[in-house]
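Have the structure open and follow along.

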Amino acid sequence: MAPKKDILLQPFQLKHLTLKNRILSTPHEPAYSKDGMPKEQYQLYHEAKAQGGLAMTMFGGSASIAPDSPSVFGQLNLATDDIIPYFREFSARIHKYDCGLICQISHLGRRTVWDKADWLPVIAPSRVREPAHRAFPKVMDMADIARVRQAYADAALRCKEGGLDGCEVLQHGHLPEQFLSPLTNFRTDAYGGSLENRLRFTIEIFTAMREAVGPDFILGVRQG
Ligand SMILES: Cc1cc2nc3c(=O)[nH]c(=O)nc-3n(C[C@H](O)[C@H](O)[C@H](O)COP(=O)(O)O)c2cc1C
């Protein structure tokens with residue numbers, strides 16, 4: 001009898017990307033960034049995974065997309081074009097192994113601190129204090145929403161220009177879920193109240209990202 005094929009080792013089609021098997025490494029921040037950039041140590045950590053035969057490695061335990069989402073656990077700084085050359089080097093290094101490469105991106109919203117980096121106010125849909133980081137957030141006005149939406153689009157484009165296969169938005173606990181959850185969203189405008197309104201921010205950032213990167217780039221979302 002022919003041996004049964006292990007489904008884990010079969011290829012998987014993810015949009016345009018054919019993954020050679022179904023084994024991947026999910027995003028987590030090893031805090032190997034230097035100056036907010038994925039330099040050699042960061043890249044070598046993922047290269048070792050690729051050498052081991054993974055089909056795709058995901059990095060950036062939520063790379064920060066804006067200055068008012070400062071790093072609290074060594075995140076990459078995806079709010080600047082300076083990261084693009086590092087991404088190009090990183091993607092060339094990983095693609096050599098027929099391994100996909102995706103960056104997780106995020107705005108932390110209220111889940112960060114104000115007294116890091118540029119000392120900007122922490123922002124959130126409503127003024128609900130986050131127990132872990134203890135900031136009292138500034139309520140996002142329409143200009144903040146437009147600015148952060150654009151920051152997601154710019155970050156996705158930087159991922160594309162850096163040669164990555166895609167990017168993933170971290171939803172849970174971070175800004176998109178702070179809009180989605182009725183525990184942290186008490187807005188009375190078009191971004192609060194009904195489920196449709198609470199989802200508006202997430203849908204708008206994905207629309208903006210898709211417009212920025214075009215149809216072929218992988219865009220994902222992680223909701224725990
Ligand atoms: C130190 C550490 C940091 C992590 N950071 C993130 C993160 O930033 N974003 C995320 O989506 N998951 C994060 N995770 C969760 C992992 O992606 C993964 O889901 C978890 O380790 C369980 O993996 P397993 O089911 O393969 O054991 C983190 C996990 C660890 C251990």
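## A pair of strands

β8 and strand β9 (residues 218-222) pair in the parallel sense over 5 bridges. Strands here are DSSP E runs of at least two residues, helices are H or I runs of at least four, and both are numbered from the N terminus; two strands count as paired if DSSP finds at least two bridges between them. L170 has R222 as its bridge partner in β9.

Before going further, a word on the source: this is a predicted model, where local features need pLDDT of at least 70 and side-chain atom pairs count only at pLDDT 80 or more, while totals for chains, interfaces and linings use all residues. Residues are numbered from 1 along each chain as its sequence is written.

## The rest of the sheet

Zoom out and you get an open sheet of 5 strands, in the order β3-β4-β5-β8-β9, with parallel pairing. β3 (24-25) and β9 stand at the edges with a single partner strand each, so one side of each has no neighbour in the sheet.

At the β3 end, 2 bridges join β3 to β4, running parallel, and L24 sits opposite M56 in β4. Further in, strand β5 (residues 100-106) pairs with β8 in the parallel sense over 4 bridges. Q104 has E168 as its bridge partner in β8.

## How covered are the strands?

Strand β8 (residues 166-170) is mostly covered, with 5 of its 5 residues buried. Buried means that 20 or more other C-beta atoms lie within 10 Å of a residue's own; 12 or fewer makes it exposed, anything in between is partly exposed, and the C-beta atoms are placed from the backbone. Both faces of β8 are covered: G166, E168 and L170 are buried on one side, and C167 and V169 on the other. β4 is mostly covered as well, with 8 of its 9 residues buried.

Helix α2 (residues 84-95) has 12 residues and spans 16 Å from first C-alpha to last, close to the 16 Å expected at 1.5 Å a residue (that is, 1.5 Å times one less than the number of residues). Its buried residues are Y86, F87, F90, S91 and I94. They sit on the same side of α2 because they cover an arc of only 125 degrees around the axis, taken from the directions between the helix axis and the C-beta atoms.

That buried set packs against α1 (40-51), β4 (56-64), β5 and α3 (142-161); contact means C-beta atoms, placed from the backbone, within 7 Å. Over on the other side of α2, P85 and A92 are exposed.

## R198, a buried arginine

R198 belongs to helix α5 (residues 195-213). Is R198 buried or exposed? It's buried, with 22 other C-beta atoms within 10 Å. Leaving out residues up to four places away in sequence, R198 touches F179, L180, N185 and G192.

## Around the ligand

Which residues are around the ligand? They are T26, P27, H28, E29, G61, S62, Q104, L170 and R222, going by C-beta atoms, placed from the backbone, within 6 Å.

Methods:
Contact = placed C-beta atoms within 7 Å.
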